[in-house]
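Here is my notebook from an afternoon with this structure. I jotted things down as I looked them up, so do follow along.

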Amino acid sequence: MDKLVIEGGKPLSGTIVIQGAKNAALPILAASMLVEGKVTIDHVPKLLDIDVMLNILRELGCRAEHEDETVTLDTSSLHSSHIPEALMRQMRSSIFLMGPLLARFGEVTIYQPGGCAIGERKIDLHLSGLRALGAQVDEEDSRIVCYAKRLKGAEIHLDFPSVGATENIMMAAVLAEGLTTISNAAREPEIQDLQHFLNSMGAKIFGAGTDTITIEGVEKLTPCRYQVIPDRIVTGTVMVAAAATRGQVTLLNTCPSHLTSLIHVLRRTGVQITVDDDIIKVGTAARPKAVDRIVTSPYPAFPTDLQSQIMVLLALADGVSVMKETIFEGRFKHVDELSRMGADIRVDLNSAFIRGVSRLYGATVEATDLRAGAALVIAGLAAQGKTVVEQVHHIDRGYDRIETMLGRLGARITRYSPVPNNQIVP
Ligand code: EPZ
């Protein structure tokens, strides 16, 4: 397993271009299975999760290439809608394939994706949505088999604005007969991107970005070429890293409007932020101020995917901050690791009480999940001394060579990969 060795204490400075959004690319790659022919998707970053999704598509018979940041798919040879359990287990987002494959083939077999480090990750809203569209859904142990000669439009209400369930139902409804409405839909920018992609192929979807989405079923779609939006979570991660190291960083190819809640919080800590079109500038030289209360909630509120990262900045703030995590029940696993670096954080149920300290100290820590791992990298950059972050594969799921990306801003990070007989070399 790779490790990252970080020499902390150096402010980040310089300019960086943000990668395409993982959480937009994954459903868009799945949605490509709705159409027969060649589809090209630009601005797709090289990530472990993208690799897994492309391997699943290849396993189903689709031709898939990923050169530089462009994915080219040929779905005309797609011949199966049975997703192998081993591949499902590698990445729970393969659940996004349910809707498109059911719509295209009239049947799909998947397996319970299971939970992960951050929570149980149920899929009941996905399944109830497909049943509402007329699918027969049989759950046999971990295997789930869905049938539908032709899906029929329906009125669907989500008990919780689930991102994945909203996307799965949207994709299933595109070729259904008649009108589908999804109320209490998730409003994330990645859902808007999915609507734009599908409508580029001839779908008739309206309302993404609001809590009510309507989909008029169409007979078929036409292949297209599409560019994915920038990754707002990677953008936010770099912004927090700039603030935590008291640096000056310019971020290009961003969507500032996707980060309103983070920008508001960073300004409350005293960080200077300027926005000009797709450019965000972040700078500070002072110790951050505490923020009395931050609550993670569905978009456009503060995103759960930036909770662990902002906690590092608050761990260095002057005062006490309170962070409440309302989306995932297991998303405080980074707290123990930050405490090993000198952070003073107490967790009580889904709230973390963060008493800022004047500095963090380098230590050997372990990434437990994608965003917790990114937070530990930020902590290592801000800490005095050397930090070793282990289990880096979690981070590689969502960040394209994070050490190279931050290295461009002056970060002193080296990746060590084990070779046979267990030596490690840079
Ligand atoms: C998406 O996951 C993102 N992943 C997550 O990003 C993100 O944290 C999450 O949305 C929330 O914003 C992708 O887009 C690939 P949900 P998803 O369905 O769709 C419960 C990252 O770091 N729920 O909105 O799985 C669920 O248990 C990842 O990039 C049900 O109860 O999120 C959770 O508590 C991590 N039943 C809450 O909803 C369901 O059927 C949010 O889940 C579905 C979800």
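**Two helices side by side**

I began with α4 and α6, which are roughly parallel to each other (that is, at an angle under 35 degrees; over 145 would be roughly antiparallel, 65 to 115 roughly perpendicular and the rest oblique). Before going on, I noted that this is a predicted model, where local features need pLDDT of at least 70 and side-chain atom pairs count only at pLDDT 80 or more, while totals for chains, interfaces and linings use all residues. I also noted that residues are numbered from 1 along each chain as its sequence is written, and that side-chain values use heavy atoms, with hydrogens and water left out.

Then I looked up the numbers for the pair: α4 (residues 98–105) and α6 (residues 163–173) pack at about 15°, and their axes are 7 Å apart. Axes here are lines fitted to C-alpha atoms, for helices over the stretch in contact, and angles run from 0 to 180 degrees between N-to-C directions. The element names come from DSSP runs numbered from the N terminus: helices are H or I with at least four residues, strands E with at least two.

Which residues of α4 and α6 meet? I found Met98, Gly99, Pro100 and Ala103 on the α4 side, and Asn168, Met171 and Ala172 on the α6 side (contact means heavy atoms within 4.5 Å). By class, this contact of α4 with α6 has five nonpolar, two polar and no charged residues. In this scheme Ala, Val, Leu, Ile, Met, Phe, Trp, Tyr, Cys and Pro are nonpolar, Asp, Glu, Lys and Arg are charged, and the others, Gly among them, are polar.

**The annotated cysteine**

Next I checked the record: an unreviewed UniProt entry lists Cys116 for "active site". UniProt positions follow the numbering used here, feature names are shortened, and annotations may be inferred rather than shown by experiment. I located Cys116 in the loop between β6 (107–111) and α5 (124–132). Cys116 is partly exposed, at 37% relative accessible area (buried is under 20%, exposed over 50%, partly exposed in between, with a 1.4 Å probe and protein chains only).

I looked at Asn184, which has a positive phi of about 60° although it is not a glycine. Asn184 sits in the loop between β10 (179–183) and α7 (189–200), and is partly exposed at 25%.

Is Leu349 buried or exposed? Leu349 is exposed, with 78% relative accessible area, in the loop between β19 (344–348) and β20 (351–355).

Last, I noted a cis peptide bond from Tyr299 to Pro300, with omega near 10°. Pro300 belongs to the loop between β17 (293–295) and α10 (307–315).
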